[in-house]
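Dear colleague,

Please read the notes alongside the coordinates.

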Amino acid sequence: MLWTLITFIGFTILVAVISYVKTKGDDQTTADGYFLAGRGLPGFVIAGSLLLTNLSAEQLVGTNGQTWAVGMSPMAFEVLAATALIVLALWAAPRYLKSGITTIPQLIGLRFDRSTKLWFCIAYIILYLVVQIPVILYSGSLVFENIFGVSQLLHITKFQSIVVLCILISVVGSIYAIFGGLKAVAVSDTVNGIGLLIGGLMIPFFALHVLGNATGSEGLAIVDGFKYLVQNYPEKLNSIAPADSLPPAVPWPTVFTGLVFLGLQSWCTHQSFIQRVLAAENLKEAQKGALYCAFLKILGFMFLALPGVIAYALFEVQGNQVTMMDDAYPQLVTQVIPAPLMGFFAAVMFGAILSSFNSVLNSVNTMFTMDIYKEFINTNASEEKLVKVGKNVGIVFAVATTIVGPMVYFFPAGLKTFLDSFVMLIGLPVLSAVFGGFFFKYLPKYAAKVIMVFHIAVYGIFMITMSSDLHYLYAVAVLWPIELIMMAIMNSRNKAKNPQLKAWEQEDVKAVDLTPWKYRKIVSVIVLICVIAVYIAFSPLGIGA
């Protein structure tokens, strides 16, 4: 236990020291310096920060629990993200950097009007503060408690343990997000990302080794464990789920429809992801970061999906009873990781939780300061004033969400999943506003508001009445095309009513160099080939059945 504590504290301090050294002396007195890291992030830092902003301890436990229950189809959330990152690199990033924006609501305001910007900004902030950050705090604390037994170590109740962990995550995460700005968040994400890749990839190899030994290996246990898995559980290794599957499985028709739209929303319009790209040194580095991250997401099935299937096979061989999805990964980890490495793995998990928290908190601070305070409260605020407001409001938001986070403990288990799905209430209207705004040049100013009201009403009705009978990705697959069609109709009608109306044109504010990366297209093709190869491997054409 002492060695576990030492390695945990050691790696956590290492991340803090590296973040401090890399950000020491940076200009944090300007809005660009604080909120966008001085527009100076290189590609590899963008990739690491994108990965860690997306990944959390909850995903490690949740997705592996899903694959334990239904097989490999949930790997689609990881592997298909690579296609959305290609769109980010080749289509979205050049347009975002051309406008020199700080936030996605700012872009919506440039395309439509100030009131539309305010609508979307308020909706995003409420969603983040009421749902996303509290859920990150609670689920991260719960994962840490389940794997490492903090309540037993400290001799307190499980709820008290979650309260302590929520406070710890909030305090440490706030130090990065509030006092270090975006660059401190991005650098810590990169270091933690390296740790996550190492720590996460350890699990399937250790688990296959244990499985090989449990099934009487006479040679290399890892190889024998993999052979046993393929020979005895090919149905679990099949990522192609039936069309009528319900969550957590991913029906095959939705893989290249609803899931792709969901990926575009996450990777091309989600503020906490996009802010890393907006902070790029130039377009070339932004494209490098997005495409590097695409490769990392493809690799993600190794530690976010495969361990769940291995756990299923191992527990059956051992006769262990696991009744709940979320228990599968914690039980596997405690069983297969050697004791000397447990502290390092704990630090990696803690870093993943921190990353999700501080990234979203930093984005909320940015949107409130730049899109509400600067635009509607104090239009003449100086750069120093904006940074001060960002830090102060960050403290308020951190305290508020820390109070709300542990309260999720008292909600029914199903409600948390329901709250998570609320992201799509705002996510798809944002996607429509951004993509539709670029696609259709004659949209009326009210178009994005109409889409938001329509989507919230229809998707909300679906979640209340039909979500138990039909996979929500089907709703996404149908709603986004409908919303684009609505925008196309509004576009043509507005043009017909106003023949003299000029097409909307995006202004180049010369914020950064827009010279693209010369290898972007060939790398994108390689990414697509890798996506196809992974799907073939985990299908009846490969090792699945």
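The protein chain holds 26 helices and zero strands, where helices (H or I, at least four residues) and strands (E, at least two) are DSSP runs numbered from the N terminus. This is a predicted model, in which local features need pLDDT of at least 70 and side-chain atom pairs count only at pLDDT 80 or more, while totals for chains, interfaces and linings use all residues. Residues are numbered from 1 along each chain as its sequence is written, and side-chain values use heavy atoms, with hydrogens and water left out.

Of the 545 residues in the protein chain, 58% are buried (under 20% relative accessible area, with exposed over 50% and partly exposed in between, for a 1.4 Å probe and protein chains only). The C-alpha trace spans about 80 × 50 × 50 Å along its principal axes.

Turning to one residue, Glu78 sits in helix α5 (residues 76-79) and is buried, with a relative accessible area of 4%. Leaving aside residues up to four places away in sequence, Glu78 touches Asn54, Leu55, Gln59, Lys297, Phe301 and Leu304, contact meaning heavy atoms within 4.5 Å. The side chains of Glu78 and Gln59 are also joined by a polar contact of 3.4 Å (a pair of N or O atoms within 3.5 Å; within protein, one must be able to donate a hydrogen and the other to accept it, and residues adjacent in sequence count only if both atoms are side-chain atoms).

Among contacts between residues at least 6 apart in sequence, 85% join residues at least 24 apart in the protein chain.

Best regards
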